[in-house]
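Biologist: I'd like to go through this structure with you. Can you put it up?

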Amino acid sequence: MGEDMSDDDGHEQSGHEQVPSRQRRRFPGISSRTYEHPADRSALVALRKLSGFDTVFKALSGLLPERSLRLLFLSDSVRVCERQFAHLDDMLRDACHILDLEKVPPMYVTQDPRPNAMCIGLDEPIIVVTTGLVELLDEEEMRAVVGHEVGHALSGHSVYRTILLFLTGLALKVAWIPLGNLAIMAIVTALREWFRKSELSADRAGLLVGQDLRASMRGLMKIAGGNHLHEMNVDAFLEQAEEYEAGGDLRDSVLKILNVLPRSHPFTTVRAAELKKWSESRDFQRIMDGHYPRRSEDKDTSVTDSFRESAASYTTQVKSSKDPLMKLVSDLAGGAGDLGGRVRRGFGGFTNGASQDQPPTEEPPSDTPPREGG
């Protein structure tokens, strides 16, 4: 799965191989816990264990425009079926078969030049893909995307995605109310952080469905750079992700956080790097060998264990990260001293040109007494 995806000239292969007859492994009874990112999984397990959670959301569904959304797509988009976008219908049914999702969710193609896909709905999930995405991706790349959305459906992400869309729209409507927008945006920010992790989960589901890492990488690269595959290279694309993580100083670390806060999806290079890392892990190999959690065991899942896994995941991420801020946090957690010096060096040193590796030269005492309040 981790093989080189470039040709001898260093350019990406055309990526239009049609392999509908290729046999893919199926995962009977697979639990969504199999592919869920630890942070995503712990949040979902905690929500599902909350007493009255289902009742609250059923009551809330009356306030959400779900019926309106369904009618909108039914009236102004094309529903995928045997007679319309038949190749997408085949992919959808195949993805549900592989992940053992008994009820195939309805799927629509909507006119929009921007490449995008989503899985929404409270009572039942619906999948929507744009014409821009359908026209951009080849068959195997699209298969990974359909698997991605079916993964959202299996994990129950559509519920929280719908809530996120609703609250985002509500925040715009109440922006004029003092503090009202702040309260809603606090919830939206938390949901976005969860949803970014859920996208990493769904990327893994897409790989389990497509079972072609090259196609998954090509699809992400096309979403970032358009339909110019002959001009792009997966290895160079992944190098961008490494440069993004490790480059700069603490100022860049802060800017990264500010840049990602308004987004519902992680950056594309980061998604590609995360997926490739997971594809090379022992966990992925065990899944492909048929060793994975079953849905029948979900009721016995411990909230405490899920939070522990999530915490361990974040700890590992901080320790292994090359980001300057994460390295600082890791050093402090390990008992490293000289916080002030580390922070100053992280922000680019001193304005007087002193070396970042050396402490500033101490000024000689002045005969002039300091002014108060200076």
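Modeller: Here it is. This is a predicted model, in which local features need pLDDT of at least 70 and side-chain atom pairs count only at pLDDT 80 or more, while totals for chains, interfaces and linings use all residues. Residues are numbered from 1 along each chain as its sequence is written, and side-chain values use heavy atoms, with hydrogens and water left out.

Biologist: Where does D89 lie?

Modeller: D89 is in helix α4, residues 86–98. Helices (H or I, at least four residues) and strands (E, at least two) are DSSP runs, numbered from the N terminus.

Biologist: Is D89 buried or exposed?

Modeller: D89 is buried, at a relative accessible area of 5%. Buried means under 20% relative accessible area, exposed over 50%, and partly exposed in between, with a 1.4 Å probe and protein chains only.

Biologist: And what is D89 in contact with?

Modeller: Leaving aside neighbours within four places in sequence, D89 is in contact with V80, C81 and E82. Contact means heavy atoms within 4.5 Å.

Biologist: What about D90, buried or exposed?

Modeller: D90 is also found in helix α4. D90 is exposed, with a relative accessible area of 53%. From D90 to V80 is 9.5 Å, C-alpha to C-alpha, and the two are ten residues apart in sequence.

Biologist: Which residues of α4 are buried?

Modeller: L88, D89, M91, L92, A95, C96 and I98. Just after α4, D100 takes a positive phi of about 60 degrees.

Biologist: Changing topic: how do α10 and α12 cross?

Modeller: The axes of α10 (residues 234–246) and α12 (residues 268–279) come within 8 Å and cross at roughly 105 degrees. Axes are lines fitted to C-alpha atoms, for helices over the stretch in contact, and angles run from 0 to 180 degrees between N-to-C directions. The two helices are therefore roughly perpendicular to each other. Angles under 35 degrees count as roughly parallel, over 145 as roughly antiparallel, 65 to 115 as roughly perpendicular and the rest as oblique.

Biologist: Which residues meet there?

Modeller: From α10, F237, L238, Q240, A241 and Y244; from α12, T268, T269, V270, A272, A273 and K276. Seven residues of this contact of α10 with α12 are nonpolar, three are polar and one is charged. Ala, Val, Leu, Ile, Met, Phe, Trp, Tyr, Cys and Pro count as nonpolar, Asp, Glu, Lys and Arg as charged, and the others, Gly among them, as polar.

Biologist: How do α9 and α12 cross?

Modeller: The axes of α9 (residues 213–225) and α12 come within 9 Å and cross at roughly 170 degrees. That makes α9 roughly antiparallel to α12. L213, S216, M217, L220 and A224 in α9 meet T268, R271, A272, L275, K276 and S279 in α12. By class, the contact of α9 with α12 has six nonpolar, three polar and two charged residues.

Biologist: Last one: how many helices and strands in the chain?

Modeller: The protein chain has 16 helices and four strands. Of its 374 residues, 43% count as buried.
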